[in-house]
Amino acid sequence: MRDRDFEALWSDATPGPPFRAAEVEGLPPAARRYFTHAIAEGTPRASAVRLSMRGEIRLKDEWEPFEAEQVIRAHRGFVWRATVRMKGIPVKGSDRFVDGRGAVRWKLLGLIPVARAEGPEIARSAAGRAQIEGVWLPSALLEESLEWERVDATHAAARVRVGDHASRVELSVDDAGRLRAASMLRWGTPGGVDAPQEQAPFGCVVEDEGTFDGVTIPTLLRVGWYFGTERFEGEGVFFRCEVERAEFR
């Protein structure tokens, strides 16, 4: 089914000038290692990435398989469209944040509406997702307006803005520059879809990476609430995915 937002974010995206390591010489050590590992010297600075992925999502304490495609566009947001198989029955839909508006739209068999939501609270939560998913589009984190801070030798943080929303995103980077984790405080429903909205620690753990068109991004990761606490691995993680393909432009 045609998705105008998805197509609009991708169709007119154009890359910027080539990346040069000298650009990041003044950043904190962890951020400098991250960028020089994530973007090869001379690689055009992409404004968008298109991903194909598969994995599992936890819905009401049950892990359900999914296949998905996502486009992320610097400054504008993302569309994640997927087919989730609940007890073998396909539920098709999307989550998105595009030009300041967030929405959730899901249909059983692609026909019968099962979830539809939008509004300020949905937009605020979706904007947080767009901010942390900049790790799939590293060039979006290279904006001159971002001010990076040194946390320690292996951590750096920046206040990332998408639309009118800004949040502090912290990266954990090893000695070689590989991204190990990313975290933030995000607005949402960590207690489940029927729970009250609140701000809580949120993040991802990166288990593997891959290089596509000169850009190295996480390809195997788990994502969830209560990041940095004992609750993360138990009740917090709700999303596990493997990126199979990535295209930048």
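## Salt bridge at R180

R180 is partly exposed, with a relative accessible area of 36%. In this report, buried means under 20% relative accessible area, exposed means over 50%, and partly exposed lies in between (1.4 Å probe, protein chains only). R180 forms a salt bridge with D174, and their closest N and O atoms are 3.1 Å apart. D174 counts as buried, because its relative accessibility is 13%. Elsewhere, salt bridges with shared partners join D3, D5 and R96 into one network.

## Basis of the model

The model is predicted: local features need pLDDT of at least 70, side-chain atom pairs count only at pLDDT 80 or more, and totals for chains, interfaces and linings use all residues. Residues are numbered from 1 along each chain as its sequence is written, and side-chain values use heavy atoms, with hydrogens and water left out.

## Other salt bridges

A salt bridge is a side-chain nitrogen of Lys or Arg within 4 Å of a carboxyl oxygen of Asp or Glu. By this rule, the count is 22 salt bridges.

One of them joins the side chains of D95 and R129, at 3.4 Å from N to O. This pair links distant parts of the chain, with D95 in strand β4 (residues 89-98) and R129 in helix α3 (residues 120-132), 34 residues apart. Helices (H or I, at least four residues) and strands (E, at least two) are DSSP runs, numbered from the N terminus. D95 counts as buried, since its relative accessibility is 18%; R129 counts as buried at 13%.

A further salt bridge is formed by the side chains of E7 and R2, with an N to O distance of 3.0 Å. Here E7 counts as partly exposed, at 34% relative accessibility, whereas R2 counts as exposed, at 62%.

## Helix α3

Buried residues of α3 include A123, S125, A126, A127 and G128. R129, A130, Q131 and I132 are also buried.

Two strands pair if DSSP finds at least two bridges between them. Strand β7 (residues 148-152) and strand β8 (residues 155-162) run antiparallel and are joined by four bridges. R150 has A156 of β8 as its bridge partner. Two residues lie between β7 and β8 in the hairpin that they form.

Strand β9 (residues 165-173) pairs with β8 in the antiparallel sense, over eight bridges. R168 in β9 stands opposite R159. The hairpin of β8 and β9 has two residues between the strands, and G163 takes a positive phi near 65° there.

Strand β12 (residues 215-225) is mostly covered, with 10 of its 11 residues buried. Strand β11 (residues 198-212) pairs with β12 in the antiparallel sense over 10 bridges, and P218 in β12 stands opposite E209. In the hairpin of β11 and β12, two residues lie between the strands and D213 takes a positive phi near 55°.

β12 also pairs with strand β13 (residues 237-248), in the antiparallel sense and over five bridges. In this pairing, V237 in β13 stands opposite G224.
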